[in-house]
Amino acid sequence: MNAVTTIDRPVDTSRLRGFVTALADLIACTRDEQALLESGRTLLARLIARDDWLPPEYARPDPDPDRYQQYLLHCDSRERFSIVSFVWGPGQSTPIHDHGVWGLVGVLRGSEQVERFHRLPGGGLVAQGTDILREGEVDAVSPRIGDIHRVSNGRADAPSVSIHVYGANIGAVERATFAADGAPKSFISGYANRVIPNLWDRSRNA
Ligand code: FE2
C-alpha cells in the first residue's frame, strides 16, 4: 500500500477547496502585494482555525532528523499561487533562506520558532529577532517587508505543521539559502510528494 491510499482518519477537504477558490477570487481582484497579504491573512487564519481537513499523509514528518517535509497541496493553474504544508519533526529546522515572492505562514498544529535576518548590501546577515508562532497565528514574508528567516519546530516532543501560501509555484522558484556569514547558495526546493490531494470530488456532498 502506498502513501496515497494510507489514510489514518477521514477528513473533509472542502474547507481547503474553499480556500483555493477564495484565493483565486482574491488574486483575480488585485495583484497588489499589500492587499493580497492583508486579505490572504484573513483567509488563511480562517482555514487554520480548525484542524480537521488536512489528510494525514500530508502531515507526516520525515524520520531523518535533518529533513523537514514540504508537501504541495495545490498549485494554481497559472502558477499565481501555491499552497503547501510544512512538517517539522522534533529538532528539525530549515536553513536560513529567502523566498523571492510574497508568502503567508499559518500554524495549524504545534508551534514554530522564526528567526529573522536582514541582509546587508555587502552580503552579511544581521539577526532581526526571534518569534514564536503558535497555533492559529499567521506570519507574512516578502522581499519588500523582509523574507530571510530560519524556521524550527517549536515543540521538542511532537511534530508541528504549518500551512503556507506563496505568490508562485514555490517549489519551482530559484532562491537562496545563506551560510552564517551571509554567503548565498542557490536552491530550488521541489516538493516531498508526487501526488496532491483530490479536492474536487464533490460526489460525497451530492
Ligand atoms: Fe520560509
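## Second largest cavity

The lining of the second largest cavity comprises five nonpolar, one polar and two charged residues. Here Ala, Val, Leu, Ile, Met, Phe, Trp, Tyr, Cys and Pro count as nonpolar, Asp, Glu, Lys and Arg as charged, and the others, Gly among them, as polar. This is a predicted model: local features need pLDDT of at least 70, side-chain atom pairs need 80 or more, and totals for chains, interfaces and linings use all residues. Numbering runs from 1 along each chain as its sequence is written, and side-chain values use heavy atoms, without hydrogens and water.

The second largest cavity has a volume of about 30 Å³. Its lining consists of Val105, Glu112, Val114, Leu133, Asp139, Val141, His149 and Val151. Strand S5 (111-119), strand S7 (138-141) and S8 each give two or more residues to this lining. Strands (E, at least two residues) are DSSP runs, numbered from the N terminus. A cavity is a set of points, on a 1 Å grid over the protein atoms alone, where a 1.4 Å probe fits but cannot get out; lining residues have an atom within 4 Å of a point. A volume is the space filled by probe spheres set on the points, with grid points joined across faces, edges and corners.

## Iron site

His97 (NE2), His99 (NE2) and His149 (NE2) coordinate the iron ion at 2.1 Å. Donors are N, O and S atoms within 2.8 Å of the metal (3.2 Å for Na, K and Ca); water is not among the atoms, so sites may look incomplete. Along the chain, the donors follow the spacing H-x1-H-x49-H. His99 sits in the loop between strand S3 (96-97) and strand S4 (103-109), and His149 in strand S8 (residues 148-153), so the pair ties together parts 50 residues apart in sequence.

## Largest cavity

The largest cavity has a volume of about 110 Å³. It is lined by 15 residues, and the closest to its centre are Phe86, His97, His99, His149 and Tyr166. Strand S2 (82-88), S8 and strand S9 (160-166) each supply at least two lining residues. By class, the lining has eight nonpolar, six polar and one charged residues.

## Second largest pocket

About 260 Å³ of space lies in the second largest pocket. A pocket is an open set of points with protein on both sides within 12 Å along at least five of seven lines. Of its 13 lining residues, Arg67, Tyr68, Gln70, Phe187 and Ser189 are the closest to the centre.

Notes: Helices (H or I, at least four residues) and strands (E, at least two) are DSSP runs, numbered from the N terminus.
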